[in-house]
Amino acid sequence: MTERIVEALGTGADAATVVHMLAASADAAQNLCIDRPYACAAGCPHCCVLNVAVLLPEAMTIALWLRERLCAEELAGLQKRLATHRSWARWMDDDERILKQMSCPLLDPYGGCSVHPVRPLACRAITSLDSQSCKDAFRPTVTDEDRLVPADLFRKAVFDAAFTAVASGLRQVGLDDRSIELGTGVLAFLEHPEFMERFLAGERLPQALWL
Ligand code: SF4
């Protein structure tokens, strides 16, 4: 997969090429997982409280997708929610986020993913085989008990491999291959549209985003 990504990006990537490369990578991973069972469904948002790491082109793609669909007022409201979430959750580990129920700011009011068609590879990697286990595991209580969720580990391995292949492709063509917290990355590209050009030109984005 890395070779195809290098080939796609190698001739000088523009935003559309990056978006297409990511979609193709996600589709290729999904094709390996066709017909595998899972219990996840829209309106079942329990795991959307976990920290998510994305590659910069993933954050850029989500920001572009939102810009195309939201009006100015909606975008301003979302940016405010992303900034608030960043200030509260940036140092929280998964257990703290579960306890405080700090859900992903991209979750819609009905428990669905508002960016589902362009959701991160890390989100696609996680599927539960039992929704009741998820409910129990993500309940905001302090416990020493192991709260395990039966998951499709094959799917996780496939999407993790896609993530690594994209990162490797970015590195090989001289683009920034660092990952970033989902909300922080999306907010950065929404607040600073010029970051897209800078990323595509091979510049590294400001280190402050990772602090
Ligand atoms: S991006 Fe979507 S799927 Fe991923 S954590 Fe946020 S709401 Fe859930």
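Residues are numbered from 1 along each chain as its sequence is written. Because the model is predicted, local features need pLDDT of at least 70 and side-chain atom pairs count only at pLDDT 80 or more, while totals for chains, interfaces and linings use all residues.

A nonpolar core here is a set of buried Ala, Val, Leu, Ile, Met, Phe, Trp, Tyr and Cys residues joined through C-beta atoms within 7 Å, and a residue is buried if 20 or more other C-beta atoms lie within 10 Å of its own, exposed if 12 or fewer, and partly exposed in between, with C-beta atoms placed from the backbone. The largest such core has 43 residues, of which Ala59, Ala63, Ala162, Phe163, Val166, Val186 and Phe189 touch the most other members. Helices (H or I, at least four residues) and strands (E, at least two) are DSSP runs, numbered from the N terminus. Among the elements that give two or more residues to this core are H1 (2-10), H2 (15-31), H3, H8 and H9, and the largest share, eight residues, comes from H8. Apart from this core lies another, of five residues, including Cys47 and Ile98.

Helix H9 (residues 182-191) is mostly covered, with eight of its 10 residues buried, among them Val186 and Phe189. What covers these buried residues includes strand S1 (53-55), helix H3 (56-69) and helix H4 (72-89). Ala59 touches Gly185, Val186, Ala188 and Phe189, among others, not counting residues up to four places away in sequence; contact requires C-beta atoms, placed from the backbone, within 7 Å.

In H4, the buried residues are Leu82, His85 and Ala89. Seen down the axis of H4, they fall within an arc of 65° (taken from the directions from the helix axis to the C-beta atoms), so they line one face of the helix. The face turned away from this buried side carries exposed residues, including Glu73, Lys80 and Trp88, whereas the cover over the buried residues of H4 includes helix H5 (94-100) and H9.

Asp160, in helix H8 (residues 153-172), counts as partly exposed because it has 14 C-beta neighbours inside 10 Å.

Finally, the ligand is surrounded by residues that include Cys48, Cys104, Cys113, Arg119 and Cys123, each with its C-beta atom, placed from the backbone, within 6 Å of the ligand. By class, this shell has nine nonpolar, no polar and one charged residues, where Ala, Val, Leu, Ile, Met, Phe, Trp, Tyr, Cys and Pro count as nonpolar, Asp, Glu, Lys and Arg as charged, and the others, Gly among them, as polar.

Conventions:
Contact = placed C-beta atoms within 7 Å.
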